[in-house]
Amino acid sequence: MANGSRRAMQSDAARRVLTRGHQDALEFARVIGLDRDYQNDRRAKKDVIDPSGDAHSVKSGERRWQVFLYGRNRFLYDDGFQALNGIGGLLVHCIDCFPDSFEEYRNNQAAAKNRLKTPMSELKDRFQRKAVLRAFISKSFFNGGEVDYLTILHEGKYHVFRNEDVVSTMGKNFTVVNSMARRAGEFDEQKVLFRFNNRNVGELEMRNSAANHYREVLFVMNCKPAKHLLFSTISFEEEFNDKVLIYGKAAARFGNW
């Protein structure tokens, strides 16, 4: 398949995911009583702003949730990443392991991947400090606390979790390691993996598979183990209605409008 055709298919798939995400956010807004023109700010991860003024990041994928996909300038100029005990600088270092030109990278992928081992290993080491890990999760999911809830569409219902519960649970339960090569031609230490019960829940990696996302850092959650972690460690508290379920500390505030 020609590179142009492959990129077009990837772009179409990305648009479908984005459209579905917008539709699911709209449905959540409507089931909590908002109009179609509800408030949001997706650049700040605020998919829905509820009647209390609190913001929800709504996740509805069945395979992976994209937490972020950022280029070099985001890590350089976002104070939140720069304040994370050197995490922002290390993410810039990961990007700088790759040449400016995608064609140059394709002609010598091994060199870039060998360079990437050092900052990926250093990131893994920094995340052994639970305070740093929690701060990274808070920044990545909730823009450092500006988003109040993680709201997950699962089996036709919306499950609402308070940001502090998500950060605490992931920080406490994640084991952080580097990826290891499994086949000939692969390289160790190309990702940082966030694991729970011997399964990869989160994956932090470089996105270099196509020119349109070259030299960007991708952070994703694998849906099934992520849901298992949250559902098994944060207690169900109450129903807001037959479509919205409330967990943990979210019960103290959500719905009070």
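**Figure 1. Pairing of strands S7 and S8.** Strand S7, spanning residues 191–196, and strand S8, spanning residues 199–207, are paired in the antiparallel sense over six bridges; strands pair if DSSP finds at least two bridges between them, and helices (H or I, at least four residues) and strands (E, at least two) are DSSP runs numbered from the N terminus. Within this pairing, Lys191 has Glu205 in S8 as its bridge partner. The structure is a predicted model, in which local features need pLDDT of at least 70 and side-chain atom pairs count only at pLDDT 80 or more, whereas totals for chains, interfaces and linings use all residues. Residues are numbered from 1 along each chain as its sequence is written, and side-chain values use heavy atoms, with hydrogens and water left out.

Figure 2. The strands follow the order S3-S9-S8-S7-S6 in an open sheet with antiparallel pairing. Strands S3 (64–70) and S6 (175–178) stand at the edges, and because each has a single partner strand, one side of each is left without a neighbour in the sheet. On average, neighbouring strands of this sheet are turned by 20° against each other, direction ignored. Helix H9, residues 223–233, lies across S3, S7, S8 and strand S9 (216–222), and runs at about 60° to S9; axes are lines fitted to C-alpha atoms, for helices over the stretch in contact (heavy atoms within 4.5 Å), and angles run from 0 to 180 degrees between N-to-C directions.

Figure 3. Phe68 and Tyr70 form a stacked pair, because their ring centres are 4.7 Å apart and their planes stand at 5°. Phe68 is buried at 2% relative accessibility, and Tyr70 is buried at 13%, buried meaning under 20% relative accessible area, exposed over 50% and partly exposed in between (1.4 Å probe, protein chains only). Phe136 is buried at 0% relative accessibility, as is Phe219 at 1%. One aromatic cluster includes Phe68, Tyr70, Phe136 and Phe219, and among its other members are Phe75, Phe81 and Phe194.

**Figure 4. Arginine side chains over tyrosine rings.** Arg74 lies over the face of Tyr70, at 4.1 Å from the ring centre, a charge being placed over a ring if NZ of Lys or CZ of Arg is within 6 Å of the ring centre and within 35 degrees of the ring normal. The charged end of Arg162 sits over the ring of Tyr149, at 5.1 Å from its centre.

**Figure 5. Positive phi values in two loops.** Most residues other than glycine have a negative phi. Asn198, in the loop between S7 and S8, has a positive phi near 65°, and this residue is exposed at 69% relative accessibility. Arg215, in the loop between S8 and S9, likewise has a positive phi, near 60°, but Arg215 is buried at 17% relative accessibility.

Notes:
Phe/Tyr/Trp six-rings, centres within 6.5 Å; stacked < 30°, edge-to-face > 60°.
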